[in-house]
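Today I am opening my notebook to look up salt bridges. Come along and check each entry with me.

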Amino acid sequence: MKTPIYLDNHATTPMDPRVLDAMLPYFTEKFGNAASRNHSFGWESEVAVENARKQIASLIGASPKEIIFTSGATESNNLAIKGVAEMYAERGNHIITAATEHKAVLDTCKHLEKRGYRVTYLPLQQNGLIDLEMLKAAFTDKTILVTIMYANNEIGVIQPIAEIGRMCKERGVLFHTDAVQAVGKVPVNVIADNIDILSLTGHKIYGPKGVGALYVRRRNPRVQITSQMDGGGHERGMRSGTLNVPGIVGLGEACAIAQKEMAEEAKRLGYLRDKLRNKLEAELDEVYINGTMEHHLPNNLNISFAYVEGESLLMGINDIAVSSGSACTSATLEPSYVLKALGAGDDIAHSSIRFGLGRFNTEEEVDYAAAKVIDVVRKLRELSPLYEMAKEGVDLSKVQWAAH
Amino acid sequence: MAYSDKVLDHYNNPRNVGSLDKKDPNVGTGMVGAPECGDVMKLQIKVNEQTGLIEDAKFKTFGCGSAIASSSLATEMLKGKTVDEALAIQNTVIVNELSLPPVKIHCSVLAEDAIKAAISDYKQKQAAHKPALEPAVA
């Protein structure tokens with residue numbers, strides 16, 4: 001076993017060597033511009049791009065013509081939300097989203113608010129799920145778009161997407177989902193899930209960085225979006241720019257592999273995740289799981305170790321790469337807004353660790369990580385005045401803290 | 001973020017971890033910070049009645065590595081000092097000693113606050129404990 005061990009697969013994934021093999025020829029000998037219609041170099045690239053489009057569409061139950069290539073999920077989310085807002089401005093100006101969306105969605109919505117749109121940010125239930133009654137109450141006759149992520153990148157909770165999609169359909173409102181964490185990990189089907197627009201990206205599914213896609217429904221309804229970049233009118237006029245052929249080939253191959261291996265992989269990672277969880281819960285008191293485990297990505301575990309601060313824990317397990325919701329690990333010095341939105345309390349957010357298991361993790365690595373975390377949490381609790389007080393029976397919520 | 005060697009050393013081998021008897025009149029306890037802010041420091045001093053010097057100091061800290069290192073270093077600095085000398089300790093000394101980056105300066109401020117809180121507690125206890133030494137009315 002080699003250290004450091006990578007358990008941060010929600011941030012990004014290593015590329016599958018099979019994906020790299022598929023991409024390599026398109027950097028060198030097969031370098032043609034997919035938009036060159038008049039020679040074999042262009043044709044060769046176009047064939048590769050269309051093959052990738054098929055592979056991606058197949059994974060999410062779409063038709064290849066409904067796939068638009070982008071530079072990644074941030075661009076896909078921007079294009080979807082701004083593109084719909086502009087295109088359907090005459091119909092309404094109201095957008096519904098959730099407080100726990102990725103910043104690429106939240107900041108895009110904030111941008112639109114400055115330009116006169118109205119946005120409703122739904123709070124979440126404590127288990128991390130959207131309250132469908134609240135969503136129902138949020139629709140107005142001006143609502144043009146609902147954008148809710150498929151699965152959360154921090155807590156791994158999977159939203160009732162098909163139900164949300166059905167509610168949108170009934171009201172003639174478009175439904176966009178940021179599905180970067182779900183595609184390739186759990187079955188996603190744009191028809192069954194009633195999805196109109198979907199964002200996905202290569203680097204979360206063992207493909208390359210810098211390439212993503214947007215699914216835009218062509219039938220029932222035919223969705224139109226206003227392009228956000230002027231240029232050659234590529235991608236049915238929705239996204240100009242010369243196609244990143246090697247990246248697209250890689251994204252396609254990553255989707256094809258995911259489609260073939262997803263069921264088996266989800267089972268394996270689910271087993272490892274449960275093993276990790278069980279070990280931590282068996283050896284340590286006062287650990288709390290964030291987000292319901294009933295609707296959950298198989299590779300995610302977000303867990304808080306009470307009375308231990310996240311950054312100091314990361315420092316102790318420095319040969320294991322994970323993330324923390326602790327303020328000290330973020331650029332803003334604010335604890336995780338996702339955990340706060342669950343009403344978890346800042347102290348739970350400060351104590352949280354996110355494990356993201358991936359295709360290349362072994363059981364040995366997970367066992368090592370569990371043992372190491374247990375060891376360091378014990379050590380830090382020896383150091384923790386809060387743990388000492390809790391053990392003495394002090395109710396920490398009743399203490400008057402000298403906040404600073 | 002990369003940690004300085006000294007922060008890592010204090011984190012890996014924290015000095016003077018533990019607790020002193022809160023009820024001892026010669027012990028001063030300072031508790032600063034809040035769990036919601038991500039750091040809480042408990043710092044205690046024990047003053048020798050004869051010499052007036054701080055003979056022991058202990059800490060427990062909930063917080064990041066820099067907060068743990070700041071409080072660990074503070075206990076080292078306190079030992080052997082008079083109470084007045086301890087009161088003069090400034091956070092900048094801790095910042096320099098640990099090479100703390102700007103985002104971690106608040107950890108050193110918290111350590112200074114903890115020292116002051118412990119001394120203030122000690123002084124209050126002493127005043128309550130030895131009322132006879134200073135006549136209340138002249």
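**Entry 1.** I began with Asp9(B), which is partly exposed at 31% relative accessibility; buried means under 20% relative accessible area, exposed over 50%, and partly exposed in between (1.4 Å probe, protein chains only). Its salt bridge partner is Arg15(B), with the closest N and O atoms 2.7 Å apart. I use the term for a side-chain nitrogen of Lys or Arg within 4 Å of a carboxyl oxygen of Asp or Glu. Arg15(B) counts as partly exposed too, at 21%.

**Entry 2.** Next I looked up a network: salt bridges with shared partners join Asp16(A), Arg18(A), Glu261(A), Glu265(A) and Arg359(A).

**Entry 3.** A note on the source: this is a predicted model, where local features need pLDDT of at least 70 and side-chain atom pairs count only at pLDDT 80 or more, while totals for chains, interfaces and linings use all residues. Residues are numbered from 1 along each chain as its sequence is written, chains are lettered from A and ligands numbered from 1 in the order in which they are written, and side-chain values use heavy atoms, leaving out hydrogens and water.

**Entry 4.** I then found Glu133(A) in a salt bridge with Lys136(A), at 3.9 Å between the closest N and O atoms. Both lie in helix 5 (residues 132–138) of chain A, 3 residues apart, about one turn of the helix; helices (H or I, at least four residues) are DSSP runs, numbered from the N terminus. Glu133(A) is exposed at 55%, and Lys136(A) is partly exposed at 42%.

Definitions and conventions:
Helix = DSSP H or I, 4+ residues; strand = E, 2+ residues; numbered from the N terminus.
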